[in-house]
Structures are given as C-alpha cells and as structure tokens.
Amino acid sequence: MVSQASRAGGLDPFLEGMARLGYQPGKNFELDERWGENSREKLERLALEALSRKPALFVSQGPALQLARKLPSALPVVFGTSGDPIEMGVAATLARPGGNLTGVTFLSYALVGKRVELLHEVAPDARRLAVLSNPEHGGDAKELAATREAAMGLGLQVSHYPVTNAQQMEGALAAAARAEALVVHPDALMVEQRAAIARFSLERRVPVISGWAAIAEGGGLMTYGPNLQECYRRLAYFVDRILRGARPGEIPIELPSTVELVVNLKTAKALGITVPPAVLLRADRVIV
C-alpha cells in the first residue's frame with residue numbers, strides 16, 4: 001500500500017475488509033506499507049521501492065494514485081480516491097475503466113446539491129454563499145457547477161474561492177469574509193486545513209458544510225457525504241477479485257455506497273444556530 005495518508009486514515013479499515021474475506025497479513029498475504037506526505041518526490045521514491053519487491057498489486061489513495069498509474073509496470077492498482085477517475089485520466093468509464101486501475105471514488109456529484117439544501121435548511125436567511133475548493137482536484141469544475149446550480153435554484157448568490165495549497169488558505173478565507181454560509185468541497189487539502197476553516201466559521205459566525213466527517217469533527221457545522229471508513233473497507237473486494245484472476249480494467253469503479261450526515265451541535269451553539277429537528281432526525285451522527 002502506497003499513500004500520502006496516515007495508517008489510521010485508510011489502512012485499518014482496509015485490513016478489516018480483508019479480514020472479512022479471510023485474509024490475514026503474515027498468514028495468507030504479505031503487506032508492504034509505504035506512507036508519505038504530500039511530496040511527489042517522496043511518494044515516487046516509495047512507489048519505486050515497493051515495485052522493486054515485485055508485489056502482486058498496489059493499493060493506493062490520494063496523490064499516490066497519480067504516481068501509481070505512471071509506474072513502469074502494468075501491475076494492478078486498487079485505489080480509493082477523492083477525485084473523479086475519468087477527469088483524472090485514470091479510467092475510460094466507471095463501468096469499464098480499462099487499463100490496470102480500479103477501485104472506489106469518494107466523489108459523487110449527486111451529493112453536491114443536497115449539501116447546499118441542508119445548509120439552506122439550517123441557515124435559511126443566508127443569501128451569500130461562498131464556495132471553497134481546490135481547482136487541482138479531479139472533478140472540481142463539475143462539482144463547482146453542480147454547487148452553483150443548486151444554489152441558483154434556492155436564490156443564493158455564489159462566490160468561489162480557489163485554494164491549491166495551505167499557504168493560500170488564509171487569503172481565501174479573508175476574501176470570503178462577506179459570506180453568510182460556506183460550502184467546502186472535500187479533498188485532502190481541505191481536511192488538512194479543517195482547523196483554519198473552523199476558526200473562520202466561528203470568528204465570522206459563518207456556518208460551514210462539507211462532505212467528509214473529519215471536517216465536522218474538526219469544528220465544521222455539518223458534513224454530508226461518503227463514509228470513508230466503509231469506502232476503504234470496500235477496497236478489499238477489489239483486491240480479492242484481482243487475486244482470484246479478474247482484470248482490474250474490467251471491474252467497475254464504484255461510487256460511495258454508504259452516505260452519512262454528521263452535525264456538530266457544539267459548533268451550532270457557538271454560532272447561535274438552532275438546527276431544525278428535521279435535520280437532526282436525519283443525522284447519522286450528532287457531535288455534542
């Protein structure tokens with residue numbers, strides 16, 4: 001497994017999924033872990049080191065995926081990615097990706113409009129909506145278009161603030177200061193910067209919604225999106241199929257199968273917001 005994330009972020013649930021299918025590291029398969037930061041050079045070195053050990057396949061997540069697809073090998077790659085595999089150029093279609101890569105994408109455009117609607121339910125008087133996103137994230141342009149369409153349907157004004165690295169976050173949030181509500185498109189950068197986003201939310205009294213639970217756990221008001229733990233568990237299915245002889249390019253890439261709504265009531269109280277009972281009843285988890 002080659003990744004930029006922490007062990008707990010993806011590997012532990014992946015191993016749970018493997019165990020459910022009868023695989024135990026050290027018994028009937030060998031696991032070679034390689035963990036790096038958001039450094040292309042380091043990830044490339046780790047990937048080549050792993051390749052030298054002649055593995056049966058790679059399991060990858062995040063930016064490591066772009067490196068895995070460029071390795072001088074047709075080795076099967078199973079991925080969990082926050083981006084759109086087609087927009088990233090790693091798959092021809094979701095149903096038949098082709099090549100040597102397959103896995104799960106955490107990005108579902110169908111969820112985007114629902115986030116805007118939930119934010120509007122909780123903050124119905126907010127008219128100026130800011131959108132914070134990483135334009136280098138695969139599929140961001142389509143996600144932004146879907147956000148704008150949903151906001152337009154509710155009569156909301158939308159301003160977009162792109163952020164491609166941590167150094168740009170402070171300036172983007174300062175520029176978004178006039179917003180009355182904030183949608184954050186989830187990716188690794190936004191999770192990394194969740195503390196800064198939460199500070200902005202509390203200081204400016206701006207409710208925030210995003211797609212991954214870590215952002216609500218870090219102080220955002222709400223998240224609605226895939227259960228990433230379940231997504232990582234699901235990767236074991238792809239590994240099992242490939243080890244049994246299936247070609248990765250013929251295994252359909254899957255969208256998230258489990259979606260969760262997480263509401264942070266501590267943040268709601270600090271913002272002076274009363275979350276409607278109808279929203280709380282739909283919540284899968286409430287942080288108090």
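Predicted model: local features only at pLDDT ≥ 70, side-chain atom pairs only at ≥ 80, totals over all residues.
**Entry 1**

Residues are numbered from 1 along each chain as its sequence is written, and side-chain values use heavy atoms, with hydrogens and water left out.

**Entry 2: ring pairs**

I counted rings of Phe, Tyr and Trp (its six-membered ring) as a pair if their centres lie within 6.5 Å, with planes under 30 degrees apart called stacked, over 60 edge-to-face and the rest tilted. By this rule I have four aromatic pairs. Phe106 sits in the loop between strand E5 (101–105) and helix H5 (112–122), and Trp212 in the loop between strand E9 (208–210) and helix H10 (213–217), so that the pair links parts of the chain 106 residues apart; helices (H or I, at least four residues) and strands (E, at least two) are DSSP runs, numbered from the N terminus. Ring pairs link Phe106, Trp212 and Tyr232 into a cluster.

I also looked up Tyr237 and Phe238, an edge-to-face pair with 5.0 Å between the centres and 80 degrees between the planes. Tyr237 counts as partly exposed because its relative accessibility is 25%, whereas Phe238, at 0%, counts as buried. Arg234 lies over the face of Tyr237, at 3.9 Å from the ring centre; the rule asks for NZ of Lys or CZ of Arg within 6 Å of the ring centre and within 35 degrees of the ring normal.

**Entry 3: the nonpolar cores**

I took a nonpolar core to be a set of buried Ala, Val, Leu, Ile, Met, Phe, Trp, Tyr and Cys residues joined through side-chain atoms within 4.5 Å. The largest one has 41 residues, and Phe14, Leu132 and Ile197 are among those with the most contacts inside it. Helix H1 (7–20), strand E6 (128–133) and helix H11 (228–243) are among the elements that each supply at least two residues of this core, and the largest share, eight residues, comes from H11. Apart from this core lies another, of 27 residues, including Leu118 and Val263.

Conventions:
Buried < 20%, exposed > 50% of the residue type's maximum accessible area, 1.4 Å probe, protein only.
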